[in-house]
Each structure stands twice: as structure tokens, then as C-alpha cells.
Amino acid sequence: MATTSNPVNGEAGSTGNALGRLFRMRETGLILIIAVLFIVMSFASPYFLTWDNMRAMAMAFAVEGIVVVGMTILLISGGIDLSVGSVTALAMVIAGWLFLNGLDPWTASLVAILACTAIGAIMGFFVTRVGLHHFIVSLAVMVIARGLCLLGTGGRPLGLYTLPPEFKFIGQGSIGPIPVVIVIFVLFVAVFDFMLRRTTIFRKVFYTGSNEKAAAYSGIRTSKVIFLTTTLCAALSGVAGIIYMARFGSAQPTFGVGMELNVIAAAVIGGASLKGGSGTILGAILGTILLSVVSSSLALLDVSIYWQDIIRGSILLTAVTIDHYLNKRRG
Amino acid sequence: MDHPVILKISNLSKSFGPVRALQGVDLELRRGEIHAIAGENGAGKSTLMKVIDGILRPDSGDIVIDGKPVAIASPTEAQKLGIGFVHQEIALCPDVSVAENIFMGVTNTSKALLMNYADLRKRASAILRQLGDIDASALVRTLSISQQQLVEIAKALTLDCRILIFDEPTAALTEREAKILFEIIHRLASQGIAIIYISHRMAEIFDNCDRVTVLRDGRYITTRDIKDTTPEQVVAAMVGRVIDKLYPEKQRADERSEEIILDVSNLSGTTRFRDVSFQLRKGEILGLGGLIGAGRSEIVKGICRLEAEVTGTIAVHGKPLSLTHYGDSIDAGMVYLSEDRKGDGLFLDMSIASNISALAVERVASRAGLINTSRETRQAQELGRRLALKCGHVNDAVSTLSGGNQQKVAIAKMLSVAPKVIFLDEPTRGVDVGAKAEIHRIVRDLARSGVGVVIISSELPELIGVCDRVLVVREGRITGEVAGDDMTEENIMYLASIADERPRAA
């Protein structure tokens with residue numbers, strides 16, 4: 001963000017101090033916490049700071065990170081989507097099923113992503129035209145999409161052993177030392193972060209989420225904006241599903257159960273508000289990284305899987321509580 | 001007729017910080033009378049009622065009920081003293097039955113563990129029988145507004161009240177419903193209940209009340225027997241104030257122009273207004289006067305297509321417009337400043353700069369749709385300077401500003417699109433006196449520069465002080481126009497509240 005510091009009246013008392021601004025930013029705090037975790041963990045476990053572990057951690061959050069991008073934008077516009085996990089799985093199942101029935105994997109993937117986009121559009125329709133709440137609509141779609149996955153596969157994973165190597169490259173290959181998944185992830189993050197900060201369309205997303213009525217009173221067609229963000233989130237879930245399929249070489253109908261909670265938690269830890277109007281892609285990604293580092297650390301420290309959930313939930317609660325108080329002070 | 005006095009208030013004062021809402025107010029209420037309290041918006045009527053209902057504590061003054069001095073510390077205590085309050089806004093639980101709503105207060109203080117619904121319903125029906133035909137077991141949401149109002153009254157009656165306050169109860173009612181309400185009020189009064197009736201509709205006061213007390217600027221002005229006074233005298237007492245010199249110079253004779261900027265004809269909405277026609281000339285500030293709820297905002301929103309479904313024609317600079325959405329109106333150069341600054345005027349948690357550009361972000365963006373942040377900042381700084389906006393940095397959140405400066409941001413937002421016509425709905429509500437004068441100056445400068453300005457204000461002194469011409473709206477219709485020396489508070493109030501009774505009252 002360009003932060004020039006020119007008080008309107010040339011009066012003193014500018015709060016545009018760049019360093020102070022940096023310290024107040026959520027992203028800075030998250031980076032600090034992640035850095036501290038890194039230092040502590042590198043002493044606590046010899047495996048932590050190894051290339052393999054870093055790579056595994058990055059792979060773990062990269063694909064989910066694409067879903068986080070969509071969720072963050074949707075949250076900024078004031079919506080929420082509980083169906084991302086099921087829709088991700090559905091993308092896999094549709095593409096896998098089409099592939100097994102003779103379609104080439106690229107076309108199959110495109111069709112699957114379009115199908116997910118259509119699901120998003122249907123949700124957008126119910127929210128903006130019918131006037132239902134995002135929560136309810138996406139809850140219903142979450143269940144329906146999961147049902148479709150199980151229906152299409154009989155509940156068993158589809159083994160896609162004949163996937164061509166150039167397709168599997170998306171999920172398993174590397175460019176130099178960097179996994180392709182990471183490259184795709186960084187591309188998505190960079191493009192959407194830029195668009196969110198700079199384009200007029202995404203500015204309208206902020207206006208709509210910040211105060212929907214004021215946005216309407218500024219001539220913004222808010223229902224179009226919400227329709228767009230709802231559709232985009234589902235489309236990105238579809239993209240994530242395809243990458244997962246390429247990575248696993250299979251389509252798993254039960255994949256992504258509980259993913260929505262992780263994704264929403266990451267976005268919220270990264271500064272997105274459930275009330276809409278605030279959030280950044282960078283913050284949300286840092287939230288994702290934080291949760292991922294915590295999971296990985298707990299696994300390396302042999303903490304029981306049950307405790308891991310408890311700790312992750314506590315982190316979310318802490319982050320939101322801190323945010324609540326910071327907001328109160330500001331407001 | 002010698003009525004024993006049930007409530008006597010003397011020398012009551014209440015301040016909110018530096019604002020003196022009530023100064024030495026007296027009120028005497030007799031058993032069985034219907035006593036009107038009249039006054040402009042902000043005269044102190046609601047503050048006085050809140051003191052009587054125990055919501056506010058007075059700074060000084062005495063309240064005597066039945067000859068005994070009392071201190072009313074809370075609404076619960078007011079209830080114990082027999083004071084009931086039918087609020088202007090209906091505060092019922094829509095998804096709960098009428099009976100449960102009526103006994104909400106009783107249930108709240110009851111020690112019983114279980115609800116006795118049968119008994120509740122029986123008692124509710126008994127009370128409702130004297131008010132009208134309402135089923136005690138119906139859900140409140142299924143009732144009409146007037147029926148809901150009756151439920152509110154029933155709620156007050158359960159508390160065995162001897163003093164019942166009505167705060168503009170007819171605002172949301174049709175004429176027929178209002179008539180029924182008055183029959184009920186008269187019946188209650190004949191049972192010995194003292195009624196306080198707040199309204200600024202002269203017709204209602206003169207048709208139904210026994211006495212009227214007038215407040216102005218938080219002070220007690222007079223109490224009169226209705227039969228010894230006239231609506232004109234009451235209106236004069238309500239507004240009789242000297243207009244100060246806080247307002248900018250008006251349009252000079254040599255600035256008059258016949259050039260029409262905005263031409264509205266036969267504009268009708270679905271319910272709130274009909275057959276509205278007026279013209280706005282270059283250089284003038286046109287005011288829309290009238291009571292709250294008269295339909296002024298709705299008319300203006302209708303012109304800008306912020307309200308759906310209007311018929312009629314609108315032309316700007318002689319060019320007829322076909323608008324379907326507020327975005328079209330902005331493109332055509334007509335912008336609307338909302339009366340509810342916080343609710344729908346501003347994005348409080350967003351920066352000043354992005355608030356100002358919200359009406360047309362495209363103006364600070366490249367053709368490809370990329371926002372040029374330095375251009376956005378510059379726009380905010382330029383408009384900020386023009387309006388003398390006091391802020392730290394234009395990237396600060398709007399919520400950090402004072403009310404007056406927030407309003408300047410909202411106005412800057414309007415100006416960012418270089419509008420041809422600007423509608424300002426209550427532009428100085430909730431801003432302090434200094435900022436108010438500045439906003440008036442800004443508005444006058446805009447008019448001088450050729451922008452058409454329409455102002456809605458419920459503050460008569462402001463309308464008269466700022467506007468060159470005022471159209472008065474009553475119940476969704478323009479009932480008259482005043483300009484020049486005719487632009488007095490009496491005339492505007494007259495057209496806004498009693499226009500129909502002019503032959504009789506004269």
C-alpha cells in the first residue's frame with residue numbers, strides 16, 4: 001500500500017509514520033510469531049529445519065492456501081462458505097470420473113472447475129436473489145456436494161493410475177528445487193493480492209463488506225459483488241481440488257472434511273473479519289502458514305493428534321480475542 | 001372542574017455535557033386529562049418523558065406524584081409509581097404471542113419457575129377486550145402496525161398505570177386507525193388515567209386534548225387550555241425564536257437565474273409519495289420542509305432511484321433521464337447525501353481517501369481498472385482542503401474523525417464526481433455548531449458555482465437560514481411553497497401540519 005504522509009491541512013499530528021504503521025499491521029505480528037516458532041522449533045527438534053520438513057509443510061498449506069484466497073475475498077465481501085471442503089472433493093471426483101470415462105485429464109479438469117463455478121453461482125443466486133444467508137446456503141451445499149461425491153464413487157477413492165505424467169507434474173513435479181504446487185500457489189496469492197489491493201472491482205468488494213447499505217448508496221450493485229465473490233470462492237475450491245487430484249493420483253470422495261474450519265480460521269487469524277470489510281490475502285496466507293507450522297511442530301514433538309485440535313482451536317480463539325480488543329480500542 | 005393534580009414537575013433541568021436539554025421545565029398533570037406536549041424536534045419533549053419514565057435522571061428539579069416528592073430511578077420504579085410509556089417505536093417481540101408480549105414485564109419480575117400460559121392468555125384477553133379485537137394467542141408479527149400499537153398500550157395497562165405517556169403514537173397509523181386510538185385514549189382518560197400526549201400535529205392536539213404545554217429549546221414556554229387558544233398561537237409559541245446570523249448570505253437578486261437545472265414532474269412512488277412536481281433553478285438552494293416521516297427523503301431517493309419503482313419524469317439541464325439504478329443517477333450527475341451518516345453514508349472502518357472515492361472509484365483508476373493510490377490520495381487531499389477537513393492523514397479510518405468532519409468526508413464523496421445536482425438529507429444532523437456553519441457555507445458556495453442544491457432538514461431555522469425557497473411536504477405531497485419574506489417558521493409549520501384546516505382555523 002502506498003502510504004504517503006501528507007496531512008490535509010498541513011497540520012501537525014500526522015499518523016503516517018511508516019515504521020509505526022508497519023508495527024501496527026497484522027502481517028508484521030504474524031511474521032514475528034512464525035519466526036519465533038521457527039527458532040524455538042529448530043532447537044526443539046533436529047528434523048524441523050530440514051529441507052524435507054520445510055517442503056512437506058509448504059506442500060501442506062499451498063493447495064489449501066488457494067482456497068484460503070477465495071475464502072478471504074468472500075469474507076471481505078461479508079459472506080462465508082462452509083462448502084469449500086466438499087466442493088474441493090467434488091472437483092476431484094468429477095474430473096476423476098470423466099477421466100476414467102475416457103476424457104483427457106485437462107478437459108476433465110476444466111469441466112470440473114466449471115462445475116464448481118456453477119455451484120458457486122447457484123449459491124450466489126440463493127444469497128442475492130432469494131435472500132438467504134450465506135451460512136445456511138453453503139451448509140446445505142456442503143452436504144449436497146459431499147453426497148454427490150459419494151454417489152459418484154460409491155464411497156471409494158477413484159484410483160487414477162493412468163494419469164499422464166505431464167498432468168501429475170502439476171501436483172508432484174518440481175521446477176528446480178521448488179515444487180510446482182508452491183509455484184502455482186505463489187502465483188495465485190500474488191495475482192489476487194495485487195487485484196484486491198489495486199483493482200476497482202475488488203475495491204467494491206471492500207465497500208460492500210464494510211457497509212452494504214453505504215455501498216448501495218454509493219451506486220455499487222452490491223448483489224453483483226456478492227454473487228461474484230461467492231462464485232469465485234467455489235471456483236478456487238475447484239482449482240484446489242484439481243491440484244490435489246494431480247498430487248494424489250486419485251480422487252477421494254471424503255477428502256476435505258473439516259477443511260472449511262481450517263480455511264476460515266486461517267483467514268480470520270490473518271485479519272479477515274466475519275463482519276466483512278477487512279482482510280488481506282497476505283495476512284490470510286500468513287494465518288495458513290502459522291496453523292501449518294503449528295501442526296507440523298506438534299507432530300514433530302509427538303503431541304497426540306487430539307491435543308493438536310485443541311491447540312489449534314485455542315490459537316484461533318486467542319487470535320480473535322486479541323483482534324476484538326484491538327478493534328475496540330481503535331473504534 | 002377541579003381535578004386533583006397527579007403529577008407536578010417543577011424547575012426540572014437536565015444537561016448532556018455542554019448541551020442543556022432541559023432548563024427549568026414545569027409540568028402539571030391532572031387526573032383524567034389529556035395533556036399535549038408540543039415542541040419542535042429537539043425542544044426537549046423526549047428528554048422530559050425519559051426523565052418521567054426513569055430512563056434519565058434529572059440534574060435538578062422536583063417531581064411530585066400525588067403530593068409526595070419522588071425520585072424515579074429506573075423504568076421499573078416508574079412502573080411501580082403507575083407510569084406507563086407507549087413508545088414511538090414499537091418494541092415487541094415479533095415471534096412471540098400477544099399475551100406473552102403484554103406480560104413481558106410481569107414475567108421478567110416473576111419468581112415462578114414455570115409459565116402459566118392459560119392464565120396469561122386469560123388475563124391478556126381481559127385487557128385486550130377494552131382495546132379492540134385482538135387475539136391474545138396470535139403472534140405479534142401477524143398484527144398490523146396499529147394493532148401492535150394497541151398491544152403496546154395493553155402492555156402499559158397491565159401495570160395498573162395512572163399516568164400513560166404516548167410518544168407520537170399516530171406517526172405510523174392511518175387516519176382511521178388514529179381515530180380508533182383516540183377513542184381508546186378518551187376512554188382511558190374517562191377512567192381517571194392522566195394522559196400525556198406528545199405530538200406536533202396541531203389537528204390531533206386540538207381535536208383530542210384538554211391542555212397543551214409548549215417547550216422550546218429545552219425551556220418551558222406556556223401551558224394553555226385548548227379551548228382558550230388557537231393552533232396559530234401554539235405554533236408561534238413552539239417556534240418563536242429570533243433567527244441568528246449564523247447563516248451565509250443568500251442568493252442575491254443579480255444572481256437569480258431562470259435556467260432550470262432539475263425538472264421533476266408527476267413523480268410518484270408506490271406508497272410514500274405521489275404526484276410530486278418541482279423545478280430547481282441555477283444558483284438557488286431549494287429546501288424540502290415537513291415533519292419527520294412526511295416523505296421528503298423518499299421523494300429525493302425516488303428521484304435518484306435509491307427507492308425502487310417510481311413513475312414520472314426527471315430532466316437535468318433539459319435532458320430527460322431514464323434511470324433504473326442509483327449508479328445511473330450518479331452518472332447523470334445527481335447524488336444523494338444520506339441522512340444516516342453512520343448507517344448508510346460512510347464506510348467507518350475504511351480510510352478517508354477510499355470513502356471519498358467510493359462513488360466512482362473509476363475516476364481514480366486507470367482504464368484497465370487499476371486504482372492509482374496516489375491519485376486517490378490526492379483527490380482526498382484536494383477535496384479535504386476545499387472543505388477544510390480536519391484530519392491526521394487521509395489514510396486514517398473515518399471512524400477517527402468527529403461528527404462534523406465525518407460529514408465533510410461524506411460531502412467530499414459527493415463532490416468527487418463533480419455533480420450537477422446534489423441532494424442533502426439532514427446535512428447537519430449531529431454536528432456541532434461550528435461545523436454546521438461551515439457546511440452551510442460549503443453548500444452556498446456549491447450553489448454559487450452552479451450546482452443545483454436541494455436540502456432536506458427538520459430544523460426550521462436551518463431551512464429558513466440556508467434556503468432561497470422551501471417546498472413543504474406533508475403526507476407525501478407538496479402542500480405549498482414559501483420564499484422570501486413568506487419563509488417563516490409559522491408558515492412552514494402551518495403547511496407541514498395543519499394545511500387542511502386553514503379555513504376553519506382562520
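Me: Is M115(B) buried or exposed?
Reply: In this predicted model, M115(B) counts as exposed because it has 12 C-beta neighbours inside 10 Å. A residue is buried if 20 or more other C-beta atoms lie within 10 Å of its own, exposed if 12 or fewer, and partly exposed in between, with C-beta atoms placed from the backbone.

Me: Where is M115(B) placed?
Reply: M115(B) is in the loop between helix 4 (104–109) and helix 5 (117–129) of chain B. Helices (H or I, at least four residues) and strands (E, at least two) are DSSP runs, numbered from the N terminus.

Me: What conventions apply to numbering and confidence?
Reply: Residues are numbered from 1 along each chain as its sequence is written, and chains are lettered from A and ligands numbered from 1 in the order in which they are written. Local features need pLDDT of at least 70, side-chain atom pairs count only at pLDDT 80 or more, and totals for chains, interfaces and linings use all residues.

Me: Changing topic, what is the strand order in the open sheet of chain B?
Reply: The order of its 4 strands is 12-11-14-15, with antiparallel pairing; two strands pair if DSSP finds at least two bridges between them. Strand 12 (276–281) and strand 15 (319–320) of chain B stand at the edges, each with a single partner strand, so one side of each has no neighbour in the sheet.

Me: Over how many bridges do strand 11 and strand 14 of chain B pair?
Reply: Strand 11 (residues 260–269) and strand 14 (residues 310–316) of chain B pair over 6 bridges. S265(B) has T313(B) as its bridge partner in strand 14 of chain B.
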